[in-house]
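Please study the sequence and the structure before reading on.

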Number of protein chains: 2
Amino acid sequence: MNEFDIIKHYFTKASHRKDVIMGPGDDCALLQVPANTLLAVSTDTLVSGVHFFADMDPTALGHKALAVNLSDLAAMGADPCWVSLAITLPEVDEVWIKQFCAGFFELSEYYNVALVGGDTTKGPLSITVTVHGTLPLGKGLLRSGAQVGDGIYVTGTLGDAALGLQQALGNIQVPKAHQEFVRNKFEYPHPRILVGQALRDIATSALDLSDGLAGDLAHICRASGLRAQIEVDQLPLSDAMQASISQEQGWELALTGGDDYELCFTVSELHRGQLETALSHCGVKFTRIGRMFSGEPNVELVHEGKPYQIVNQSWDHFRKV
Amino acid sequence: MNEFDIIKHYFTKASHRKDVIMGPGDDCALLQVPANTLLAVSTDTLVSGVHFFADMDPTALGHKALAVNLSDLAAMGADPCWVSLAITLPEVDEVWIKQFCAGFFELSEYYNVALVGGDTTKGPLSITVTVHGTLPLGKGLLRSGAQVGDGIYVTGTLGDAALGLQQALGNIQVPKAHQEFVRNKFEYPHPRILVGQALRDIATSALDLSDGLAGDLAHICRASGLRAQIEVDQLPLSDAMQASISQEQGWELALTGGDDYELCFTVSELHRGQLETALSHCGVKFTRIGRMFSGEPNVELVHEGKPYQIVNQSWDHFRKV
């Protein structure tokens, strides 16, 4: 196959979705958005050497490029539908492309998301994915809806992807039994689609954790005009984390480590029971870590009733613009 | 302003569109697609050093990055609505960003297209734009609808952007009086939105010319299962082209030069009158350059009744994957 044929072969995949009137191969994709729904759209770019190592396993990269975008739909409570993939490749390496597509399409098929278009170009390795989902009219988990007194929750455990990164960089030694777990948390984040959908009628605000809880929760604070207080000893840390570093170091990774792609959301105290019921069907652990207060938009950390400061370990983080 | 503030300042622009329920700043944009319409989506990436010179005027680049995407909506006959901008920058240079945004937003405002999201990342300069438009249900100018006997038409004049590129590369000397015209055709392509909309009920197929007429028209041939015959002396060449190079060289640029972003479309002979009327309101010249025949999908060139071969000038073209 020549370059054009390879690209066409791997990046054009027929979809069984009936709402795809025209998929890849014409000037535009044509899509049928159901009546009485809103369209939710999100775009994320992953740049080689900035957001991932240039030699990252292509299957993991294919998964992650889609997962971080689906995570934005999850944070909005949307149903994933369609995706566009713009990929810039230094060369057309069939083995690499095949593996990338294996990771990408395994995840897209799991959520029945159709690849409807995109662009393949030559240049420094970079991937821009745009996902499209739908939401019932009037729904949508915005960042701006948190209320005074709401509980603050997160799904899963925090900081594991950052632990995986530090393990890969050789900065932290993770015990052998936990190495695969943290590498998977770093390379194969799982978008919390079902949780987001279940939260549609319950949460007052939500976002996904991409840059670390402390910074991300500050977005909810600013958008809602409220102060957040986090009890650091409530932060959910994995067994892998607890077996690898001290509790204080674990809290730092949970608060400042990126790439978790767990959801952070707020729920009124009145709806705690409803929340338990709704999320019990999702198979995802969730933890109450704090509460929203009136006051200057800010994230406050407390431990045993006293203000808590992060001890900055100065680990070598990925920096994003 | 710090880097984050600069990015937020320039890339977050409030929109007056009532169908934008949530613009940039949350996990997803939320958009209201009108009832009884199809959503049209297209994505294009421009990579520095591949699709444009690294030192290209940023205002022109901002215009062009959006224009080439709007051109895809035009080729589908869609109404432009929303756009996502993913831009990767080697550094946060406020002057450059300001100029880029001037070009981008002048065009987006002209067509009332709202910037609803995107991503700004650090890395080698590259721009991926995803545009969203709408179409009445059942409409859409596909590549696959051409019929035997249909006339083949193009808008504007062809090859001028390629002439502008060759001028910039120093390969062709364009007379002074025409230099600005060809540079503008190369740097500021104008998406044929109004023409596309006017063609919705008339054309049997359409696409936009991004890689050169001969190659692009072959897509219509393959999708429609037909042979196209082009009368090369009907190819519309600009005064600038005719003043700069020979007729044969002009035909080559018209047939193989990229970046024209004119529309190529087919119309039944029965609808020639209707076509004249519909396009008379668009202020865009259009020319009948050939006809569709049954036979092996292919583009045939004829001149004075005989087969015509392109004399390949071996100019240094941009190559795309």
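Leaving aside neighbours within four places in sequence, which residues is A:Asp72 in contact with? In this predicted model, A:Asp72 is in contact with A:Ser42, A:Asp44 and A:Asp208 of chain A, and with B:Asp27 and B:Cys28 of chain B. A:Asp72 lies in helix H2 of chain A, which covers residues 58–76.

The unreviewed UniProt entry lists A:Asp72 under "binding site", together with A:Asp27 and A:Asp208. These positions do not all gather at one spot, because the farthest two C-alpha atoms are 32.8 Å apart; in sequence they span 182 residues.

A:Asp27 is placed in the loop between strand S1 (20–22) and strand S2 (29–31) of chain A. Residues up to four places away in sequence not being counted, A:Asp27 touches several residues of chain B, among them B:Ser42, B:Asp72, B:Arg143 and B:Asp208.

The cysteines are considered next. Over all chains, the search of the whole structure finds zero disulfides. For B:Cys28, which is in no disulfide, the nearest cysteine sulfur is that of A:Cys81, 11 Å away. B:Cys282 is likewise in no disulfide, and the nearest cysteine sulfur, belonging to B:Cys264, is 16 Å away. A disulfide requires two cysteine sulfur atoms within 2.5 Å.

The table gives the relative accessibility of residues discussed above.

| Residue | Relative accessible area | Class |
|---|---|---|
| A:Asp27 | 4% | buried |
| A:Asp72 | 8% | buried |
| B:Cys28 | 2% | buried |
| B:Cys282 | 15% | buried |

Note on methods
Residues are numbered from 1 along each chain as its sequence is written. Chains are lettered from A and ligands numbered from 1 in the order in which they are written. This is a predicted model: local features need pLDDT of at least 70, side-chain atom pairs count only at pLDDT 80 or more; totals for chains, interfaces and linings use all residues. Side-chain values use heavy atoms; hydrogens and water are left out. Buried means under 20% relative accessible area, exposed over 50%, partly exposed in between (1.4 Å probe, protein chains only). UniProt positions are given in the numbering used here, feature names are shortened, and annotations may be inferred rather than shown by experiment. Helices (H or I, at least four residues) and strands (E, at least two) are DSSP runs, numbered from the N terminus. Contact means heavy atoms within 4.5 Å.
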